[in-house]
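Welcome, and thanks for taking a look at this one. Please have the sequence and the 3D view side by side as you read.

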Amino acid sequence: MRGIFLLFLLALPLYAQDANSPGLQLIERLNRMTPAERQKMLNRMPPARRQMLEKRINNFNNIRPEAREKLKKDYEFFQQLPPEKRDDARRTLKQIADLPEERRKLVRGAVHNLRRQPDEIRDRRLASRAFNERFNEDERKLIREALAVLPPQAEPTQQ
Amino acid sequence: MNCILNTNEQEKLLLGYCSAILDPETTRTYARHLSVCEHCRTMVELQKMVDESLGDWLPPTLSENFDQKLFARIRAEQEAPKPWWHFNFGWKPAIPLALAAILLAVFLVRNPGKSELAQPQDGIKADEIAEVEKALDDMEALQALSTADTAPAAKESI
Amino acid sequence: MSGVFDNVTPVAGLERDAELMLRVRDGDETSFALLLEKHRNPVIHFLYRMVQNQAIAEELAQEVFLRVYRSRETYEPTAKFSTWLFRITTHLALNHVRDRRKDKLNDSMDEKMEDGAPRQLPTKEANVEQRLIRDARLGEVRQAIEELPEKQRGAVLMHKYQEMEYSQIAAILGCSESAVKSLLFRAYESLRFSLRQFSPGGSGLKAS
């Protein structure tokens, strides 16, 4: 009996979290429609907002298939985080986006490269003098936070 | 009060500006607004005064034996004899609990939940649009990190 | 690709607390002492500003950490540790404030005087008059905070002194972010009005 109860408790988080968000499901549904069907679906939206939405969905669709699948995996991982962590992650990503261009490129580059390293090597690099000299305290914090909310990647992917 | 910003916008910008958490562009925009809006300038002054006043309010020093007292209470609880029902909390209460748990699990499984979307009769609903836009926001932010390897500066990164 | 979903790099100061609490769950009392060391002061300071009585604040803080310890066996890191901790803290604080409101007639100035004088920042002002103004302002701050409805009070204290984001405050208070913004906006508006006399320019603000 205790076992059944424990199984139930373990199963609860699975019901609580959506592995695939409604947002992504809707995008995929819109993509499966004909242009006429999509227009009917979106016709109640204000025109400017609808245009922006369609443009963004098109941008998403225009990503190369391999990269798009990787992005969806990253997003699914992101969706599995607790809500507070997702909010933290959004803040981190926004702060990275708001960095001056040169620093932004370096920080993103660091996150991109460090994700591809095995844990040990990544930890060593994060603790290295070179890393500390290249990035200021805030940037180092952003890099660490970004790494915490993205799944590491085993091997580099060609984009 | 002739400020063009609505109250919610005013407050959000005011608090963000005084806490220095606005992004650089918004800060610049708000600073420009302040240069022409006396009302908001006054509010900024007041808010800074409130922040300063709150900052000056320090709590008293903690009692020296706080931790000792806490650990003593923890030890006392651990050493206290357990109530009779603690040992008898065996299988009898567990049966109705487990049955309730199974019923709840069945309810959750059968419940359409958030991930099933009803076919919209007259087009997409406002909350569905918001979900789509939110998903796009998040994916664009995530994608921005993934495209770093095409930037020349990334090659020099750690 | 490897099983990436299980391999999140812990962020120092975030998961670390949850890790420590999991060790407490496994019977490691040293980890509990470490958590206490880190979070004791923020909790007590928050409680002090909520109830404005140091003795009561410490008593409530004891209860907070007792509850944390009691919950160790069933602890699951589904939220940030500090969010969970402050949920307990705020719950106790709000209950106390509400209970006190019911017994308001029995409150006396004696309780406030038992606080002991709050510490102030060391001041360079040798001018007695300036010091008096500062003291007066401090008194007004305390009163203004006490006059805030309890949820507004809690939200302001978490926002100002714990520097929590709206989302964390929302998780602690069990409401939406927009509700938190509303609480904070109203609270700060009240504080600006209550303390307007101390502003250099003064202001003919209307009360909300």
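## Chain A at a glance

Chain A holds 10 helices and 0 strands. Keep in mind that this is a predicted model. Followed from the N terminus, the elements of chain A read α-α-α-α-α-α-α-α-α-α.

Chain A has 159 residues, and 22% of them are buried. Taking the contacts in chain A with a separation of 6 or more, 71% are between residues 24 or more positions apart.

## A closer look at one helix

Helix α6 of chain A covers residues 83-97, 15 residues in total. From the first C-alpha to the last, α6(A) reaches 21 Å, close to the 21 Å expected at 1.5 Å a residue.

Which residues of α6(A) are buried? They are A:Lys85, A:Asp88, A:Ala89, A:Thr92, A:Leu93 and A:Ile96. These residues lie on the same side of α6(A) because they cover an arc of only 135° around the axis.

## Chain C in outline

Chain C contains 9 helices and 0 strands, and its pattern along the sequence is α-α-α-α-α-α-α-α-α. Out of the 208 residues in chain C, 34% count as buried. For contacts in chain C between residues at least 6 apart in sequence, 62% link residues at least 24 apart.

## The nonpolar cores

How many residues does the largest nonpolar core have? The count is 60 residues, and those with the most contacts inside the core are C:Leu47, C:Ala61, C:Ala155, C:Ile169, C:Val180, C:Leu184 and C:Ala187. Helix α2 of chain C, residues 29-51, gives the most to this core, with 9 residues. Domain 1 (12-106) and domain 2 (127-208) of chain C each provide at least three residues of this core.

With neighbours within four places in sequence left aside, C:Ala61 is in contact with C:Val43, C:Ile44 and C:Leu47. Apart from this core lies another one, of 25 residues, including A:Phe78, A:Leu93, B:Ala135 and B:Leu142.

## Where chain B touches chain C

Chain B puts 24 residues into its contact with chain C, and chain C puts in 35 residues. On the chain B side, α1 (7-18), α3 (38-56) and α4 (66-79) each supply at least two residues. Which helix gives the most to that side? It is α3(B), with 9 residues. Sorted by class, the side of chain B that touches chain C has 13 nonpolar, 5 polar and 6 charged residues.

Note on methods. Residues numbered from 1 in each chain as written. Chains lettered and ligands numbered in written order. Predicted model: local features only at pLDDT ≥ 70, side-chain atom pairs only at ≥ 80, totals over all residues. Helix = DSSP H or I, 4+ residues; strand = E, 2+ residues; numbered from the N terminus. Buried ≥ 20, exposed ≤ 12 C-beta atoms within 10 Å, placed from the backbone. Contact = placed C-beta atoms within 7 Å. Nonpolar A, V, L, I, M, F, W, Y, C, P; charged D, E, K, R; others polar. Expected span 1.5 Å × (residues − 1). Arc of directions from axis to C-beta. Core = buried A, V, L, I, M, F, W, Y, C linked by C-beta atoms within 7 Å. Domains from an automatic or database assignment.
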